[in-house]
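The report below is meant to be read alongside the sequence and the coordinates. It begins with a single residue and then widens to the chains.

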Amino acid sequence: MTATLGIALLIGVAFGVTLEQAGLGRARKLVGQFYGTDFCVFKVMFSAILTTLLGSFWLARLGLVDLTGFYVPETFLLPQFVGGLVFGVGFVLAGLCPGTSCVAAASGRLDGLAVMGGLFVGIGSCGLLFDRLQPLRASTAYGTLTLPQLFELPYGVVVLLVVAVALLAFRLLARFERPA
Amino acid sequence: MNAPRALGWAAIVLGAAAAFAGSPYRDNPPPRAQGERADDATAPLPAVSATQLAEWIRGRQPGLRIIDLRSTDAFEAYRIPRARRQDPDSPDRIAVSDRDLLVLVSADGRIPAQTVIHLRNIGAREIHVLRNGLRGWLEEVINPVLAAGASAESRQRFEARAELSRYFGGQPRIGAPADPSAAESAPATDDVDASIAHLRRRGCG
């Protein structure tokens, strides 16, 4: 347990340092995607998705990892839609998301600390109101759901489609990006 | 060729190859999709004893979820610690994770088939039913009775159960030898109601 926590801490610190080095701890850089001036966040996110997708697929195909051991978060359609909207509004207002607010706070930025304060208020409120939110939570619960199951396509075909969509998006964004 | 372009080409090659590489799941089948009926969806559920459940609760068993399928009134009258009520007539409102350890609770240990089918179809892997339902919980954990004149070995086993019982506010006692025929013929719901009424009088409701 201690070793696992130690590894998690190391990965977390490395992740934070990388974000800071890439400039993703600064609100001005992050909100650039909403004004069409800087799509760095989108590119970073999709690059991470592609790396994970291709990496996990091929490592599993080569027998080095067992995909059934991966934790797949459950789908709660309506609650996740509402949560996504709340998250998006908060992201636009604050210019930071939870992860980047930690990085900003660790770098000594006050706006990062303020967003982290809001983060804890949100988590605490959600926990306190959990019983009241239970009907919403259970309203559209689909259990664990993945794209191959949803579209009834082979796993590898879904991998190819996601890669194609991501690369196409990269090309389109490069065309529409207007650096400030 | 710059680095982003090279990485893009690498992604295209690996993605295209993935489409023809077959399933990444080797020996294990992929998780079941929503709506895809499991072959063993109607197979009987494994039962868990009330004592085992009590030990799971006390030991904070990871992933443990206790779903109480009794009526709202019955649930409000008495509930097993950490249990959440769920209407058995609308099992589609139950959301689970494939890592949950589910224990279903009814009044008498009988679980509606559609609830079991739903849980298995949405990917629940570990589903147990509480043996004898709430009646079993009350008899085994809350009101365990050691028959008078029991052997030393039985007394030793009972001590462990008594400690567990006291943890949950129960009252273990030594009483007259149990009469199995009387237990069989007694109406189960009356037993449960009487036990719950007794608990509420003690202020544990």
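B:Asn132 counts as partly exposed, because its relative accessibility of 43% falls in the class between buried (under 20% relative accessible area) and exposed (over 50%), as judged with a 1.4 Å probe on the protein chains only. Although B:Asn132 is not a glycine, its phi is positive, at about 65 degrees, and its place is the loop between β5 (126-130) and α5 (133-142) of chain B. Here helices are DSSP runs of H or I with at least four residues, strands are DSSP runs of E with at least two, and both are numbered from the N terminus.

A:Glu152 is another residue that has a positive phi without being a glycine, in this case of about 55 degrees. A:Glu152 sits in the loop between α8 (147-151) and α9 of chain A, and it counts as exposed because its relative accessibility is 72%.

## Basis and confidence

This is a predicted model, in which local features need a pLDDT of at least 70 and side-chain atom pairs count only at pLDDT 80 or more, whereas totals for chains, interfaces and linings use all residues. Residues are numbered from 1 along each chain as its sequence is written, chains are lettered from A and ligands numbered from 1 in the order in which they are written, and side-chain values use heavy atoms, with hydrogens and water left out.

The pLDDT, which is the predictor's confidence in each residue on a scale from 0 to 100, has a mean of 77 in chain B, where 75% of the residues reach 70 or more. Over residues 32-42 of chain B the pLDDT is below 50, and this stretch has 22 contacts in the model beyond near neighbours in sequence, a contact being heavy atoms within 4.5 Å. Residues 177-188 of chain B also have a pLDDT below 50, with six contacts beyond near neighbours in sequence. Where pLDDT is low, the predicted coordinates should not be read in detail.

## Chain A and its helix α3

Chain A contains nine helices and two strands, which follow one another from the N terminus as α-α-α-β-α-α-α-α-β-α-α. Of its 180 residues, 31% are buried, and among contacts between residues at least 6 apart in sequence, 64% join residues at least 24 apart. Chain A exposes about 11200 Å², of which carbon and sulfur atoms supply 74%, the areas being computed by the Shrake-Rupley method with a 1.4 Å probe, and for residues only the protein chains shown count as cover.

Helix α3 of chain A (residues 40-61) has 22 residues and reaches 31 Å from its first C-alpha to its last, which is close to the 32 Å expected at 1.5 Å a residue, where the expected span is 1.5 Å times one less than the number of residues. Its buried residues are A:Cys40, A:Val41, A:Leu50, A:Leu53, A:Leu54, A:Ser56, A:Phe57 and A:Ala60, and their cover includes α2 (27-35) and α9 (155-176) of chain A as well as α1 (3-20) of chain B. Just after this helix, A:Gly63 takes a positive phi of about 80 degrees.

## Cysteines

Over all chains, a search of the whole structure finds zero disulfides, a disulfide being a pair of cysteine sulfur atoms within 2.5 Å. For A:Cys97, which is in no disulfide, the nearest cysteine sulfur is that of A:Cys102, 8.8 Å away. A:Cys97 is buried, with a relative accessible area of 17%.

## Chain B and its sheet

Chain B has eight helices and seven strands, and 40% of its 205 residues count as buried. Its accessible surface comes to about 11400 Å², with 51% belonging to carbon and sulfur atoms. Five strands of chain B form an open sheet with parallel pairing, in the order β1-β5-β4-β2-β3, where two strands pair if DSSP finds at least two bridges between them. Because β1 (47-48) and β3 (83-85) stand at the edges with a single partner strand each, one side of each is left without a neighbour in the sheet.

Within this chain, five bridges join the parallel strands β2 (residues 64-68) and β4 (residues 101-105), and B:Leu64 stands opposite B:Leu101 in β4. B:Trp56, in helix α2 (residues 50-58) of chain B, counts as buried at 15% relative accessibility. Leaving aside neighbours within four places in sequence, B:Trp56 is in contact with B:Val48, B:Gln61, B:Leu64, B:Leu101, B:Val103 and B:His128.
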